[in-house]
Amino acid sequence: MSDTSTANSQPSATIRVWDLPVRLFHWLLVATILVAFLSSEEDSALAPWHVPAGWVAAVLIAFRLVWGLVGGEHARFANFLKPGQIAHHLRGLFAGKPERSIGHNALGGLAIVALLGTVGGIVYTGATMQGEGGEGLHEALANILLGLIAMHVVAVIAMSLITRDNLIRAFITGRKRAALHPGVPDARPPATLAVPLAVAAIGASTYGALALDPLAFTPGAHAEAGERGDGAAAKGEQDDD
């Protein structure tokens with residue numbers, strides 16, 4: 001047998017798990033949330049980017065909702081939203097013998113939905129709610145998001161150490177060690193029309209954002225508009241005097 005035949009007969013060292021679009025979404029959302037938090041204070045150097053970051057997050061959420069239906073095997077909601085498996089997963093954790101999962105485990109799936117829903121709520125309250133009540137809810141949801149992110153990061157690190165399955169690296173490379181998941185094939189790829197549908201979702205959500213807020217993606221535009229409005233109001237008061 002030739003060396004080539006021998007090499008082809010050997011099992012692959014890794015298996016494909018996460019498709020590229022879902023990995024790009026993940027890290028872009030991480031960056032967007034980081035910018036949003038760092039720009040939340042008015043005296044922050046990143047303050048002009050706060051509103052655009054929120055709208056970018058909205059577009060990313062729209063993409064993820066579509067990709068959760070037509071994306072790669074483990075990116076689909078049907079693959080990891082399995083409430084019936086939560087009890088089994090918890091029993092394994094408490095027994096000190098958690099099972100390795102090729103995609104999101106049962107608790108991880110709930111965490112993903114909670115994170116997406118909270119980000120969506122933050123975007124909604126930031127875009128539509130006015131006054132102290134709206135601002136208070138916006139900040140409360142932001143604090144909840146911080147807590148969810150902290151729990152998510154701790155859980156990812158803990159599961160990586162306990163199962164010796166590097167989950168962070170997997171979401172960078174898209175692959176996991178085949179030896180840790182014997183007999184598991186590469187993940188099924190996205191649906192044929194997945195990319196066109198995702199592009200349409202991105203386009204439609206971007207159009208919707210601009211329809212609601214023509215300055216949605218323009219850094220600092222809202223602050224400048226507010227300053228002009230304050231100046232006009234002050235001028236009007238002087239004229240009244």
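Patches are made of residues with over 30% relative accessible area and no salt bridge, with like charges joined within 9 Å. In this predicted model, one such patch is negative and is formed by E41, E42, D43, E132, E135 and E139. E42 sits in the loop between α2 (20–38) and α3 (50–70). Its relative accessible area is 80%, so E42 is exposed.

Helix α7 spans residues 131–163 and contains L141. L141 has 18% relative accessibility and therefore counts as buried. The C-alpha atoms of L141 and T118 are separated by 6.5 Å, although the two residues are 23 apart along the chain.

Helix α5 covers residues 86–94, and its buried residues are I86, H89 and G92. These three residues lie on the same side of α5 because they cover an arc of only 125° around the axis. An α-helix has 3.6 residues a turn, so residues three or four places apart point the same way. R91 and F94 are exposed on the other side of α5. G96 follows α5 and has a positive phi, near 75°.

Side chains of opposite charge can pair when their charged atoms come close. The structure holds three salt bridges. In one of them, the side chains of R16 and D186 meet at 3.6 Å, N to O. This pair links distant parts of the chain, 170 residues apart. R16 belongs to strand β1 (residues 14–16), and D186 to the loop between β2 (175–177) and α9 (194–212). R16 is partly exposed, at 35% relative accessibility. D186 is also partly exposed, with a relative accessible area of 33%.

A salt bridge also joins R188 and E73, with the closest N and O atoms 3.6 Å apart. R188 lies in the loop between β2 and α9, and E73 in the loop between α3 and α4 (77–80), so the pair ties together parts that are 115 residues apart in sequence. R188 counts as exposed, at 56% relative accessibility. E73, in contrast, is buried, with a relative accessible area of 19%. The cut-off for burial is under 20%.

D165 and K176 form another salt bridge, their closest N and O atoms being 3.4 Å apart. D165 is in the loop between α7 and α8 (167–173), and K176 is in strand β2. The two residues are eleven residues apart, and the pair links distant parts of the chain. Both D165 and K176 are buried.

Note on methods
Residues are numbered from 1 along each chain as its sequence is written. This is a predicted model: local features need pLDDT of at least 70, side-chain atom pairs count only at pLDDT 80 or more; totals for chains, interfaces and linings use all residues. Side-chain values use heavy atoms; hydrogens and water are left out. Buried means under 20% relative accessible area, exposed over 50%, partly exposed in between (1.4 Å probe, protein chains only). Helices (H or I, at least four residues) and strands (E, at least two) are DSSP runs, numbered from the N terminus. The arc is that of the directions from the helix axis to the C-beta atoms. Patches are made of residues with over 30% relative accessible area and no salt bridge: like charges are joined within 9 Å, nonpolar side chains (Val, Leu, Ile, Met, Phe, Trp, Tyr) within 5 Å. Accessible areas come from the Shrake-Rupley method with a 1.4 Å probe; for residues, only the protein chains shown count as cover. A salt bridge is a side-chain nitrogen of Lys or Arg within 4 Å of a carboxyl oxygen of Asp or Glu. Lys and Arg count as positive and Asp and Glu as negative; His and the chain ends are not counted. The place of a charge is taken as NZ of Lys, CZ of Arg, CG of Asp or CD of Glu.
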